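Subject: A structure for you to look through

Hi,

Here is the structure I promised to pass on. Have it open while you read, and follow along with my notes below.

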Amino acid sequence: MKEGMIGLEVHVYLVSKEKLFCKCKAVREKGTPPNKYICPICTGQPGAKPMLPNKSAVEKCVKIALMLNCEIEKKLNWQRKHYDWPDLPKGYQNTISGKGVTLGRNGNFFGVRVRGVHLEEDPAAWDPLTGRVDYNRSGLPLVEIITEPDFSTAEQVRDWLGKLLWYLQYLRVIGKDAGLKADVNVNIPEKTERVEVKNLNSIENIARAIEYELERQAREGSNRETRRFDEHKGKTIPMREKEQAQDYRFITDPDLPPILLTDSFVRKVKASLPETPEEKLNKLVKHYHIDEKNAEILARNIELVEFFEELAQKVNPQFALPWVTIELLRHLNYHKTTLAECEIKVEHFARLLELVQNKTITPLKAKEILNKFYPKSFYVEGDEESARVDDAAKIREWCEEVVKENNDVVAKYKSGEEKAINFLIGEVMKKSGKRADFKVVREVLKELLEQ
Ligand SMILES: [Zn+2]
């Protein structure tokens, strides 16, 4: 693997109800009609002035800076960052960044130094093919995280970004789709000049661009320049010179007063930081005695792990584990949904497991009921209709019917194909409405087949 000196500028969208400087709804979902959530402020109309910034976005940005172990700047000055582009009708972007201006500085996250954490507004989306501009995005709160060039391989960058997104999810400051965007700086120390690759939009593309750039620089050297990544060709390409000019003419925005953060506010935010993924993993292993592999599956998903922890208050965690990591996940995948989106109440799930545990219903029946927990769960009665049957006489009736109806399979079994019994068990389970006790079915069938 090629080595070099790599630094990142990462952007993520904050989850937010409103935009940063107006009350427009913050919506980023694909398929939203263009320009649905706009007003004179976020479309930059003449005379429109920003409202005071969205407090919760500022607080979330402070959380992120603290998570990255940054020092927090107590006086935040909004800057105008000027550039000309069709996505920016005001001619400038409002940002807490620029020369010497930041919200968090001198941080460190998993051994990588964090130079700065900034809060800024997103520009609109401009389609160069049609010339149309969609302002739904304009004014959404974005956080920028800038690292020192402490990475030496694409693999390190990939791991670090994976951790970053994981930790941010635990803070509940980013959505399912954080809309990660990044610029990367790459050079080979003492050999090549620093190249900036702009507008990378996934961890995968970031890693590919870095690998390509390290290889290219080792082969042909480099000038100090800005490039972009063509993801189809897997290559970086020089940007036009005009796009490279970077004099943003930062000035303090006269329309926005500085934000003053008090020590007690910062202390309060720090105290409110939730458990980190690492702390959660430790707890799963030590407190709930979950093996590392399953602990990892649970901890990967903050909603899942919180569901599990709540469930573990009501049901034995060891018993509950496969029902969460296998059955519940299968259920969610099947319905292409997430725990946050579909309504499964912990009480209802716990009740279902309780019925399995006290043998009122069979595990198979429970799985069938779980399938009906979409879009909403419900209290399971555990009545006669779903009750487990372990009465050998009743089961024998079903088994005899199945044996009669499946002569060919019976013949296979008798000729030594032992696995054929599984098909017959399945048929008996079907006949019983998934209520027959699996073990009894197997025993009775064996007995019948060996007669
Ligand atoms: Zn607006």
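This is a predicted model: local features need pLDDT of at least 70, side-chain atom pairs count only at pLDDT 80 or more; totals for chains, interfaces and linings use all residues.

Strand E13 and strand E14 (residues 235–238) run antiparallel and are joined by four bridges. Two strands count as paired here if DSSP finds at least two bridges between them, while helices (H or I, at least four residues) and strands (E, at least two) are DSSP runs, numbered from the N terminus. Residues are numbered from 1 along each chain as its sequence is written, and side-chain values use heavy atoms, with hydrogens and water left out.

Back to the hairpin. Asp230 has Lys235 in E14 as its bridge partner. Four residues sit between the two strands, and in this hairpin Gly234 takes a positive phi near 70°.

E13 has another partner too: strand E12 (residues 195–200) runs parallel to E13, with four bridges joining them. Across that pairing, Lys198 stands opposite Arg228 in E13. To get from E12 to E13, the chain passes through helix H3 (residues 203–220), and this β-α-β crossover is left-handed. (A crossover is right-handed if, with the strands pointing away from the viewer, the path from the first strand over the helix to the second runs clockwise.)

Why is E13 (residues 225–230) called largely enclosed by the rest of the structure? Because five of its six residues are buried. Buried means under 20% relative accessible area, exposed over 50%, and partly exposed in between (1.4 Å probe, protein chains only).

Now for the metal. Which atoms hold the zinc ion as protein donors? They are Cys22 (SG), Cys24 (SG), Cys39 (SG) and Cys42 (SG), at 2.3 to 2.4 Å from the zinc ion. Donors are N, O and S atoms within 2.8 Å of the metal (3.2 Å for Na, K and Ca); water is not among the atoms, so sites may look incomplete. The angles among the four donor atoms are 103 to 113°, and the site is tetrahedral. Four donors get that label if all angles lie between 85 and 135 degrees. Along the chain, the donors follow the spacing C-x1-C-x14-C-x2-C. Cys22 and Cys42 are 20 residues apart, both in the loop between strand E1 (5–13) and helix H1 (55–67). Cys22 counts as buried because its relative accessibility is 5%, and Cys42 counts as buried at 7%.

With cysteines in mind, how many disulfides are there? The count is zero, where a disulfide is a pair of cysteine sulfur atoms within 2.5 Å.

Most residues other than glycine have a negative phi, and most peptide bonds are trans. Asn199 is not a glycine, yet its phi is positive, about 60°. Asn199 belongs to strand E12 and is exposed at 57% relative accessibility. Lys336, also not a glycine, has a positive phi of about 45°. You'll find Lys336 in the loop between helix H9 (317–334) and helix H10 (346–357), and at 76% relative accessibility it counts as exposed. Finally, the peptide bond joining Tyr374 and Pro375 is cis, with omega about 5°. Pro375 is in the loop between helix H11 (363–371) and helix H12 (392–405).

Cheers

Technical notes: Four donors count as tetrahedral if all angles lie between 85 and 135 degrees; four count as square planar and six as octahedral if opposite donors are over 155 degrees apart and all others between 65 and 115; anything else is irregular.
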